[in-house]
Amino acid sequence: MKIAVASGKGGTGKTTVAVNLSLFLVDAGLKVTYADCDVEEPDGHLFLKPKSGLKRRVAVLVPQVNPEACNLCGKCGAFCRYSAIVVLKEKVVTFPELCHNCGVCAYVCSAQAITEVNRYIGSVERGSAGKLNFISGCLDIGQAISPPLIKDVLKETPDSGVTIVDAPPGTSCPAMTAVSDCDYLLLVTEPTPFGRHDLELMLQAVCSLSIPKGVVLNRVSSPDTATEKLCSRYGVSILSRIPEDRLIAEAYSKGLTVWEAVPGYRTLFADLWSRIEPIAGGYMA
Amino acid sequence: MKEIVVISGKGGTGKTSLTAAFAGLAGKCVLADCDVDAADLHLLLQPQVRERYEFSGGGRAEIKAEKCSKCGLCRQICRFDAVRYSADKKSFPTVDPLACEGCGFCAIVCPADAIEIRPAANGEWYVSDTRLGSMVHACLRPGEGNSGKLVALVRSRARKIAAEDGSAYILIDGSPGLGCPVIASVAGSDMAVIVTEPTISGEHDLLRISALTKHFRVPTVVCINRSDINPAIADRIAAVSEAQGLEVVGRIRYDKIVTEAQMAAKTVNEYTDGLVAEEIMTAWRRIITLNKGRE
């Protein structure tokens, strides 16, 4: 089963929840994979410090035009919806950074002058941190489009055991790509106006996906009725409240997990799992 | 006119709070909220919307059941796995709106001419009045794509307004990460202010985002927010920044009053004149000086 940890707003504690929940599940004897899908700014490795194993480059297909075969018919440019291939008077120019890798240009080409070639956008790394399986994607600097890489990370996750997906922030295509195939969705937020607003955007974004979900409220210092009201309006439960605690913030700042640095909070993640597990399915080994 | 973009790589470091505070200190300026898929600046500035526009950044496939022959070709060629068939093929195929990129491949190959690409309603964007100046902002429909195009629209309108009303600054609130909307926010701007925090992740993400601004040749400075949470890492971030040729224009302490200001829908400097506000002002003064020096 796959559990995605996501949030509309950045910096609410996705990685903290994903990493510590993974460590709890390993401790509970499950087969666990942590998959870092925040490929623009992957940070999970800073906390899990995995022994790296296999690293492979990930490519998307972009058009390459053979000028000798090209008859300048103009079809590729006319059919491309992303302005990624433009037919000039004497030659065809491609803009790979705009290309969505759909393959239309090569299909419509009347002279078979277009071949699709690899363009590398990032890498996927596998490793292990103790008994925890670790997979992480990292987008190359300057690349704009991350969903193909996120899909590649997800493809590497095993079908058996539990996979915790650390999703990118926001509510647009990268976040949706990371969460849309999961079996359970954990939304992390904080009790601030920004946190609540972005949680609501996220709840709207995922309402069309029929995935069971719950909320983790992070940095709680006092009762927050506004977030509670919002959650009940959308029919989701607040499964866990992580207190605002300087010890957690300090551990985080140094790259330590709550699990190892503040063991008093281990029960938080056990309790969280006890709320998810009956809904997401009987996966406890 | 100078276009200053506030970004961070890592989310939640304080971009929006700082952008708003800077805007309050900037005198005449135009605000552009380019964090279009989780826009929050309006929560502080309560804009009065004066113009509203629909945004369609692309198309989306629609399969007309009455024409469809269930041949399955659309599903075969779709690179985005956006065409869904029931296993027995008894019902007609449907298009997953979240997966479809509107490329039109399916419409081209469909032998029954049953597929049409319709403009997708991706969101809305607005031109508004706020107490700090004009603001251009947007709302990407939750779950939608094409955020880069929407950012480009917001920025270009902000530039037009600034040129017309003689604003000295455009302040852009960017989004986290370093993908499509960030690139669209940063490229061609006059200065990027990277807001970071003294954590291992803040440091790691700072290095990636500064590599991006370097790639686009945008002059870049660093602001260390909540610097007293871990002074040792703050010092290390300062050293790493200077080594990269990035000036640290400010160190801003952690203060709960920043969250209180957010709850009161005020900028930090409207809400308090305490030390945290002074440190924000020092950072802004340095940003102004650096921009004046480059004219």
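Rings of Phe, Tyr and Trp (for Trp, the six-membered ring) form an aromatic pair if their centres lie within 6.5 Å; such a pair counts as stacked with planes under 30 degrees apart, as edge-to-face over 60, and as tilted for the rest. By this criterion the structure, a predicted model, holds seven aromatic pairs over all chains.

In this predicted model, local features need pLDDT of at least 70 and side-chain atom pairs count only at pLDDT 80 or more, whereas totals for chains, interfaces and linings use all residues; side-chain values use heavy atoms, with hydrogens and water left out. Residues are numbered from 1 along each chain as its sequence is written, and chains are lettered from A and ligands numbered from 1 in the order in which they are written.

**Aromatic pairs in chain B**

Two of the pairs are set out below.

| Pair | Centre distance | Plane angle | Class |
|---|---|---|---|
| Tyr53(B) and Trp125(B) | 4.4 Å | 25° | stacked |
| Tyr169(B) and Trp284(B) | 5.3 Å | 70° | edge-to-face |

Helices (H or I, at least four residues) and strands (E, at least two) are DSSP runs, numbered from the N terminus. Because Tyr53(B) belongs to strand 3 (residues 48-55) of chain B and Trp125(B) to strand 8 (residues 123-130) of chain B, their pair ties together parts that are 72 residues apart in sequence. Burial is classed by relative accessible area (buried under 20%, exposed over 50%, partly exposed in between; 1.4 Å probe, protein chains only). Tyr53(B) is partly exposed at 31%, while Trp125(B) is buried at 8%.

Tyr169(B) lies in strand 10 (residues 169-173) of chain B and Trp284(B) in helix 11 (residues 275-293) of chain B, so this pair links parts 115 residues apart in sequence. Tyr169(B) is buried, with 8% relative accessibility, and Trp284(B) is buried at 2%. Together with Phe22(B), Tyr169(B) and Trp284(B) form one aromatic cluster.

**Charges over rings**

A charge sits over a ring if NZ of Lys or CZ of Arg is within 6 Å of the ring centre and within 35 degrees of the ring normal. The charged end of Arg266(A) is placed over the ring of Trp259(A), 4.4 Å from its centre. In chain B, Lys70(B) lies over the face of Phe92(B), at 4.8 Å from the ring centre.
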